[in-house]
Each structure stands twice: as structure tokens, then as C-alpha cells.
Amino acid sequence: MNQPITVTVAQKAGPRLTLAIAAVVGVILLTMPLLHLLPADNPLQVSAYTLTLVGKILCYAIVALALDLVWGYAGLLSLGHGLFFALGGYAMGMYLMREAAGDGLPAFMSFLAWTELPWYWAGTQHFLWALCLVVLAPGLLALVFGFFAFRSRIKGVYFSIMTQALTFAGMLLFFRNETGFGGNNGFTDFKRILGFDVTAPGTRAVLFLATVALLVGSLLLGWRLARSKFGRVLTALRDAENRLMFCGYDPRGYKLFIWVLSAVLCGLAGALYVPQVGIINPSEMSPTNSIEAAVWVALGGRGSLVGPLLGAGLVNGMKSWFTVAFPEYWLFFLGALFILVTLYLPKGVIGLVKRGDK
């Protein structure tokens, strides 16, 4: 069957085109925080809005990569990764709120007439403990949930529904004022991080570079896992779990490891998202956000690592423009885009420049 000439050219370009694009994107991402430090009257200066927007999209790209590890390689479609992202964000937000409050209580607690911090806020004034919480909160929740889910051999659509129910339950819990997480307003009005003004150009630049570093590190980790024996077992688990079990493998341990790792990556992304965007609230746990993350992965090309990054960038970039220019048509456009990609690009956008699945 004859292919469109654009597809044929893209396939012939293959890995070299991918590497060239990655190099250009890398140079741009490393240059942006440096340009942000230029004076405001300099025509080359990157505004705080632009740097924050790109930093937010990079955090979403990490979530897409994390979801690709469990869906694209292990065949586990999670519709609850927004919960892990938000838990990491709340853990970092607790530290930022303590930094803003000084020796007193966070502003929302004073407003609600609280007289002391809840026990689970203990130690959150220390940055290192906050980092531990960023990893432990999503990691332990994923470990407990995954242990019982995989032990019961829950998979397919049932697993997806359970993860969506989990994130919806978390959203309802965090909406309540008595839980001590700011209710529907969440955390905002951050002042300092490690003693530095969180809105200062230098601080924004460092946070942006940290996000780039986490994205590259996550990509390299995923690449190493995908090309190891562990990755091959995951792929076999996705394609033929019963045959894998017949060969003597226990899929539960493999599923649990990649599931917890994916949750921790989402938590780290959430921790970098909060100081850059300046707010975290229960809406980040909305099932809609987790479904949208699945759209990023499907659009870019699941099981390819780079594809989900591309999908997250394309969708969120278009969303930023559409919600300003034509806000009432954004969801229609997103739905149409997803349908077109599913019909004509079953391997996602990355399928145009890859010779085959990875």
C-alpha cells in the first residue's frame, strides 16, 4: 500500500531526525533560563510567564513519561496518575507554606482558627524531609494499592476504573477543610524556598533547570529499563501475560516495581510544578487530568518514551493557545485530534519518525 510522501520521508530520516530534533530542543531548554536573567528591556529576554508555562509543560511531560512506563510497556492503563502528581505537589507545598508562615501557622490554618499544626505536618519546615515526603507519599500509596491490586490479578478496564476511583476519592478528601490541606483553595502565596525568593528570576531559572534535569534523568532511566531484561519481561507481560507465567515468571513483582517507580516520578514532577506555578489544590487530582495524561501518551505514541513527551508538549501548548483564543472549542478540538490520531496514526505522532516500535 502506498504511503503519503511525508510519512515516507519521515521514516527514511529515522533516528537521525529524532536526534537532531532532540538536540535543538535541548539547546532551547538550556538557553531559556539564561535569557530569562537578561534585563526586562532586552529584546531577547524570556518573560516569567513564558518560562513558567514551559516549566509547567515539562512537568507534565514527566508525568506522561511515567504513565508510558506502566501503560506503554506493562500494559497497565492508569487513570489515576494525577493523584501521585498532586501528592508530590502537596508535600512540597507544605514546606513552602511553612517557609511563608515563619514561626506561625500557615495562613489558611489561622483563618480556620486552628491553634496547632496537625501531627502529619511535623518536620515539614525542613527541606530534606519535604523531599522525603515527595517520594514517600506517592510511593507508599502506590505500593499498598499495587500490592493488593496485582495480588488479586486485577487488570484491564477494571484496573483503570479502580485507579480513577482512587484519585477521585483523594480529590474529595483534600477538598475538606478539616484535613489540614487548605480545602478547595489548596496552597498558594508562596514566598521563599531554601531562603530564596521563589519569584526571583534566579530562583525561577534554577527551578526550570532542575525540571529539565529531572526530565532527562527520567528519560535515561526509562531508556535503560526498556532495553534491559526487565524491560523485555515487561513487554512480554503486556503482550502475553499468561505465556510469561507459563515460562516461570511471576508478573506481580515486575508490575509492582514499575508501578511504584512511575508514581514516584509523578510525585517528583509535582514537587517541581508547585514552586514554579505557585499553587496546588485538589483540582490537580481530578480524574479529568489523569484522562488527559492518557491522551498525551496515546497522541505521542505509547511504548516509545519520546512519544509521550512530544504528546504532552503538543497538547499543552495547543491548550494554552486555545483556552485564550477559543476557550469554548478546546475540548472539541482535543477530542477531534485524539480521534484523528487514533484512526490515521495508530503509533502516535512519533510513529512518523521511528522505523518501528521500541
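This is a predicted model: local features need pLDDT of at least 70, side-chain atom pairs count only at pLDDT 80 or more; totals for chains, interfaces and linings use all residues.
View 1. Cysteine 266 counts as buried, since its relative accessibility is 0%. Cysteine 59 is buried too, with a relative accessible area of 0%.

**View 2. Helix H2, residues 48-73.** Here's a quick check on length: at 1.5 Å a residue, the 26 residues of H2 should span 38 Å, and the end C-alpha atoms are 37 Å apart, so the two agree. H2 has a kink of about 30 degrees, centred on leucine 67. Because 22 of its 26 residues are buried, H2 is largely enclosed by the rest of the structure. Just after H2 comes glycine 75, with a positive phi of about 75 degrees.

**View 3. Phenylalanine 230 and phenylalanine 257, an edge-to-face pair.** The structure holds 30 aromatic pairs. In this one, the ring centres are 5.3 Å apart and the planes meet at 80 degrees, so it's edge-to-face. Phenylalanine 230 belongs to helix H8 and phenylalanine 257 to helix H10, so the pair ties together parts 27 residues apart in sequence. Phenylalanine 230 is buried at 18% relative accessible area, while phenylalanine 257 is partly exposed at 45%.

**View 4. Tryptophan 330 and phenylalanine 333, a tilted pair.** These ring centres are 6.2 Å apart with planes at 35 degrees, so the pair is tilted. Both residues sit in helix H13, 3 residues apart, or about one helical turn. Tryptophan 330 counts as buried at 5% relative accessibility, and phenylalanine 333 as partly exposed at 28%.

Terms used:
Residues are numbered from 1 along each chain as its sequence is written. Side-chain values use heavy atoms; hydrogens and water are left out. Helices (H or I, at least four residues) and strands (E, at least two) are DSSP runs, numbered from the N terminus. The expected span of a helix is 1.5 Å times one less than its number of residues. The bend at a residue is the angle between axes fitted to the seven residues ending there and the seven starting there. Buried means under 20% relative accessible area, exposed over 50%, partly exposed in between (1.4 Å probe, protein chains only). Rings of Phe, Tyr and Trp (its six-membered ring) pair if their centres lie within 6.5 Å; planes under 30 degrees apart count as stacked, over 60 as edge-to-face and the rest as tilted.
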